[in-house]
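Open the model in your viewer and keep the selection panel at hand. The stops below go from the whole chain to single residues.

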Amino acid sequence: MRFHLVAAPVILAVLWALALVQSLDFQFPNFTEVARKQLILSSNSYIAEKAIQVTPDSHGASMANMSGRVLYRWPFRLWSKGGKKASFNTTFVLNIKNMTPSSGEGLAFILTAYRDVPVGSEGQWLGIVNPTLNGSMEARTAAVEL
């Protein structure tokens, strides 16, 4: 009999805690107009042939100082106001085909508070930060270069 008196509040507490947990899950096996509605393509980025093109299709022209950005449209909180951290898991499949005689500076997965590419962030900054934002808390950005 005592078990029932203890078990009910514990079960309710667990269910309440689970109700507070939020999960975000999205997949883009290819990029179509449906996916386009879930993304923000800025700067030089666009969707072509069910793939994302983050810089212009230059057909051999210089790619110097080109950058692009594609973001998930709806923001989510990575840290709570109390400092608790969220976790995430991601997988990428990339198909990179060099179309110019020179190579690009790189490609990165970013978590950022800003939709727009910062001014002066092309080249070595990969369109993520600029010399002023680099290393500052103001950047509010985490990046993993691929």
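The tour starts with the overall fold and then moves to side chains.

This is a predicted model, in which local features need pLDDT of at least 70 and side-chain atom pairs count only at pLDDT 80 or more, while totals for chains, interfaces and linings use all residues. Residues are numbered from 1 along each chain as its sequence is written, and side-chain values use heavy atoms, with hydrogens and water left out.

**Whole protein**

Colour by secondary structure. The protein has two helices and six strands, in the order α-α-β-β-β-β-β-β from the N terminus. These are DSSP runs numbered from the N terminus: helices are H or I with at least four residues, strands E with at least two.

Next, show the surface. Of the 146 residues, 21% count as buried. Buried means under 20% relative accessible area, exposed over 50%, and partly exposed in between (1.4 Å probe, protein chains only).

**Aromatic pairs**

Which rings pair, and how are their planes set? The structure holds two aromatic pairs. Select Phe28 and Phe31: the ring centres are 5.6 Å apart and the planes lie at 20°, so this pair is stacked. Phe31 is buried, at 18% relative accessible area. Then select Tyr72 and Trp74, whose centres are 5.7 Å apart with planes at 70°, so the pair is edge-to-face. Tyr72 is partly exposed at 21%, and Trp74 is partly exposed at 46%. Rings of Phe, Tyr and Trp (its six-membered ring) pair if their centres lie within 6.5 Å; planes under 30 degrees apart are stacked, over 60 edge-to-face, and the rest tilted.

**Ile128**

Move to the loop between strand S5 (108-112) and S6, where Ile128 lies. Is Ile128 buried or exposed? At 12% relative accessibility, Ile128 counts as buried. Leaving aside neighbours within four places in sequence, Ile128 is in contact (heavy atoms within 4.5 Å) with Arg69, Ala108, Ile110, Pro118, Ser121, Thr141 and Ala143. Draw a C-alpha to C-alpha distance from Ile128 to Asp116: the two are twelve residues apart in sequence and 9.3 Å apart in space.

Finish at Leu146, in the segment after strand S6 (141-145). Leu146 is partly exposed, with a relative accessible area of 46%.
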